[in-house]
Amino acid sequence: MKFSFLAVGAALFAGVAEAFQARPTFTRAVSAPITRVPPLNDVMVTAGDNEPVESILRRFKREVNSSGHLMELRHRRYFENSQDIKKRKIKEARRRVKMERLSKRRNNRFRNMNGPGPKPAAEAK
């Protein structure tokens, strides 16, 4: 096989030229940063006409407490790995079930005290 120096040089130059040609670039879509919880909605309170500032602040505090911003801030104060998050959620679920059970017990106790029931022996005579 005979190769001329010119043919080999042309082939090499063509390969190098192809390497520096503008190729279509593929860009990754920039997505939102990965969060462990969905982002919280903004808290908005609309002020009524001639409404005092104190009542607006009171309503704002109530909205912030119900939105969960403060709890999320408390959890993000320190880093929690996935195992810590699981443990915390299990504890929260236990606490929630316990409070539901206690509230049912309290409601039944007060309902039974005021409702009809057996009369004491002293009133039966």
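These legends describe close-up views of a predicted model.

**View 1. Overview of the protein chain.** The protein chain contains five helices and zero strands. Along the sequence, the order reads α-α-α-α-α. The chain has 125 residues, and buried residues account for 6% of them. Across the whole structure, four salt bridges are found. Several of the views below pick out residues from these helices, the loops between them and the salt bridges.

View 2. Asn 50 sits in the loop that runs between helix 1 (5–19) and helix 2. Its phi is positive, at about 55 degrees, although Asn 50 is not a glycine. Most residues other than glycine have a negative phi. Is Asn 50 buried or exposed? Asn 50 has a relative accessible area of 80%, so it counts as exposed, the cut-off being over 50%.

**View 3. Ser 55 and the backbone of Pro 52.** Ser 55 belongs to helix 2, which spans residues 53–67. A polar atom of the Ser 55 side chain lies 2.9 Å from the backbone oxygen of Pro 52. Ser 55 is buried because its relative accessible area is 15%, under the 20% cut-off.

**View 4. The salt bridge between Glu 72 and Arg 76.** Glu 72 pairs with Arg 76 in a salt bridge. The closest N and O atoms of the two residues are 2.6 Å apart. Arg 76, at 45%, is partly exposed.

**View 5. Glu 80 and Arg 88.** Glu 80 is placed in the loop between helix 3 (69–75) and helix 4. Glu 80 forms a salt bridge with Arg 88. In this salt bridge, the closest N and O atoms are 2.9 Å apart. The side chains of Glu 80 and Arg 88 are also joined by a polar contact of 2.9 Å. Both residues are buried. For Glu 80, the relative accessible area is 18%. For Arg 88, the value is 16%. Both residues count as buried because the cut-off is under 20%.

View 6. Which residue forms a salt bridge with Glu 92? The partner of Glu 92 is Arg 88, with the closest N and O atoms 3.2 Å apart. Glu 92 and Arg 88 are four residues apart in helix 4, so about one helical turn separates them. Glu 92 is partly exposed because its relative accessibility is 24%. Arg 88, in contrast, is buried. Arg 88 forms salt bridges with Glu 80 and with Glu 92.

**View 7. A patch of positive charge on the surface.** Which residues gather in this patch? They are Lys 87, Lys 91, Arg 94 and Arg 95. One of them, Lys 87, lies in helix 4, which covers residues 82–114. Lys 87 has a relative accessibility of 47%, so it counts as partly exposed.

Methods. Residues numbered from 1 in each chain as written. Predicted model: local features only at pLDDT ≥ 70, side-chain atom pairs only at ≥ 80, totals over all residues. Heavy atoms only, no water. Helix = DSSP H or I, 4+ residues; strand = E, 2+ residues; numbered from the N terminus. Buried < 20%, exposed > 50% of the residue type's maximum accessible area, 1.4 Å probe, protein only. Polar contact = N/O pair within 3.5 Å; in protein donor to acceptor, adjacent residues only side chain to side chain. Patch = residues over 30% accessible without salt bridge, like charges linked within 9 Å, V, L, I, M, F, W, Y side chains within 5 Å. Areas by Shrake-Rupley, 256 points an atom, 1.4 Å probe, with all protein chains shown as cover. Salt bridge = Lys/Arg side-chain N within 4 Å of Asp/Glu carboxyl O. Lys, Arg positive; Asp, Glu negative; His and termini not counted. Charge placed at Lys NZ, Arg CZ, Asp CG, Glu CD.
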